[in-house]
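Try each task yourself before reading the solution.

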Amino acid sequence: MPDNSQPMTISEKIMSKASGTNVKAGDFVFADIDRAMTHDITGPLAVKGFYEIMENKENPKVWNPNKIVVIFDHQVPADSLNAASNHIMLREFAKEQGILNYDVYEGICHQVMPEKGHIKPGDLVVGSDSHTCAYGAIGAFSTGVGSTDMAAVFASGKLWFKVPETIRFEIDGELPDNVYSKDVILHVIGDVGADCAMYKTAEFGGSAVRSMSVSERMTMSNMAIEMGGKAGIIEPDNVTEDYIKERIPDYKLDSEWKSDDGANYSEIRKYDVSNLEPQVACPHNVDNVKPISEVEGTELDQVFIGSCTNGRYEDLEIAAKIMDGKKVADNVRLLVIPASRTEYMKLLKAGYIEQFMEAGAIVESPCCGPCMGGSFGLLGDGEVGLATSNRNFKGREGSPESFVYLSSPATAAASALTGKITDPRKI
Amino acid sequence: MIEGRAWVYGDNIDTDVIIPGKYLRTTDMQVFAEHAMEGIDPEFSSKVQNGDVIVAGDNFGCGSSREQAPLALKHAGVACVVAKSFARIFFRNAINVGLPVMEADVECSEGDTVKIDLKNGIVEVNNKTFKGNKLPDFLLEILTDGGLVAHRRKLQKQKKDQNL
């Protein structure tokens, strides 16, 4: 446990624990990884790198198979022969090394990792996916790395880090009806820009964040990378503890895992979200954010409700309630993809899947879907999509000639009913 | 010293345009190279020549953690990326795959000859010198070794030789 004589941010505390030294922002450390996750797109190169690093060893073994998790989510079930080959390679690697492999079954990595109890407050987690920052929602220092870094972690369980400075986002106020954490994070990203938190931790606090569920918090932390953040941390509290206890019954939150009073922030930014209106990120950058009143009426070809950002039970319940038995507009396709098998089952039992189907939606099994533009549900030339996912870069959901808007599930559901971008407060 | 012809791009060049998601289902470096920068410049891979450099603005390589992005540039022949700033995952990935990168704010036009002194963190264009951020020595060493895999192999060999 770090020495408390100097006030520290939660990021500095976690890096201190993981490196066994007392560190402050700016220090370079060699840190022990508590948990590593890889998936079907970045995993094959990581496995290849691992065997290359270990080529002089007979029978090469990963540093600790119990700390690695493999999940297939980007191209599942295999959508091409290449994807099938990648799956075979990863499947064999996991089996050979004794690594837990959720294979094609469980859903999107960033939902499955916390959902299955693989993440705890204070953990240092790396995943070979940029949205690994999502686990900051439950107080882990969690960050995305590339395949070769992951190969090095497989081999040694360690990685170098520069201990990041922290920007504190103090978000107060009570959210109005039909305005959600997605609107908050889009508003913040629009305000600060895509590179504001580069190399830094974005730490979210304040009364609005405290009153969010873990699901809503995950939406916030998930998108920290869209402002350049290395991590997107929310200090754990009783909401976090309850979530972890559902997964690890004897878990007790260590009060150490918070930023100290007087911790050194590079910047503190304050927001009051009491009067926030629904927000929409417009093509082709996530920080191109406008209040919905400025983009209302934009004609749509497809609405996608899902992804690691907004594909949980709570998100789809909000969408189903807004749709309330009404039909999807004729000119638009609605694609609904729950983030995990567990969330899908909950929705199924609650009757929401049936509602979506009756409304005319296409409901797919848990996976990343059109987010990343590498699998199915793609947009063609000139098409316009609205998605609850996290990126709207050129070509992100298919054709480089298509246009992607990002919103909350409420806005997406309201828009699916009308076929154009619609304020959920007006449904 | 790296010397090459410049391709100039703006801010926030994301990894989805550096290598679009639809090409990620392979591990064939040639495929990545053929589609490098396709999202923003579909002819890039046919125009780029071995040893060319990219000069860009802020937040180069933002977005996905896909290492296929620096790999695509490297295998397309790009010798170095100079940018005002880099997204951190791209920056790490570039070093790990042995693609030289330097943070520097450089005035430059397309086609200019750019000289890059990685060791001292200096860029020279049209007889003007720009001071960039010098890489820490341990990162320079990884780059010089040809990336993290080659670097770790070297360390393992040194360890083995010492034990002999």
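**Exercise 1. How many disulfides are there over all chains?**

Step 1. Start with the rule: a disulfide is a pair of cysteine sulfur atoms within 2.5 Å. By this rule the count over all chains is zero.

Step 2. Check Cys133(A). The closest cysteine sulfur to that of Cys133(A) belongs to Cys308(A) and is 8.6 Å away, too far for a bond.

Step 3. Check Cys62(B) in the same way. The closest cysteine sulfur here is in Cys133(A), at 13 Å, again too far for a bond.

Step 4. Buried means under 20% relative accessible area, exposed means over 50%, and partly exposed is in between (1.4 Å probe, protein chains only). Cys133(A) is buried at 1%, and Cys62(B) is buried at 8%.

A note on the ground rules: this is a predicted model, in which local features need pLDDT of at least 70 and side-chain atom pairs count only at pLDDT 80 or more, while totals for chains, interfaces and linings use all residues. Residues are numbered from 1 along each chain as its sequence is written, chains are lettered from A and ligands numbered from 1 in the order in which they are written, and side-chain values use heavy atoms, leaving out hydrogens and water.

**Exercise 2. Describe how helix H4 and helix H5 of chain B pack.**

Step 1. Find the two elements. H4(B) covers residues 68-76 and H5(B) covers residues 88-97; helices (H or I, at least four residues) and strands (E, at least two) are DSSP runs, numbered from the N terminus.

Step 2. Read the geometry. The axes are 8 Å apart, at an angle of about 50 degrees. Axes are lines fitted to C-alpha atoms, for helices over the stretch in contact, and angles run from 0 to 180 degrees between N-to-C directions.

Step 3. Classify the angle. Under 35 degrees is roughly parallel, over 145 roughly antiparallel, 65 to 115 roughly perpendicular, and the rest oblique. H4(B) and H5(B) are therefore oblique to each other.

Step 4. List the contact, meaning heavy atoms within 4.5 Å. H4(B) contributes Ala69(B), Pro70(B), Leu71(B), Leu73(B) and Lys74(B), and H5(B) contributes Phe90(B), Asn93(B), Ala94(B) and Val97(B).

**Exercise 3. Is H4(B) mostly covered or mostly uncovered, and what covers its buried residues?**

Step 1. Count. Seven of the nine residues of H4(B) are buried, which makes the helix mostly covered. Among them are Gln68(B), Ala72(B) and Ala76(B).

Step 2. Look for the cover. From chain A it includes helix H2 (43-53), and from chain B it includes H1, helix H2 (29-34), strand E2 (53-56), strand E3 (80-83) and H5.

Step 3. Look just past the end. Gly77(B) follows H4(B) and has a positive phi, near 110 degrees.

**Exercise 4. Which residues does Thr15(B) touch, not counting residues up to four places away in sequence?**

Step 1. Thr15(B) is in helix H1 (residues 15-18) of chain B, and Thr15(B) is buried, with a relative accessible area of 1%.

Step 2. Name the neighbours. Thr15(B) touches Gly61(B), Cys62(B), Gly63(B), Ser64(B), Arg66(B), Ala69(B) and Phe90(B).

Step 3. Link back to Exercise 2. Ala69(B) and Phe90(B) also take part in the contact of H4(B) with H5(B).
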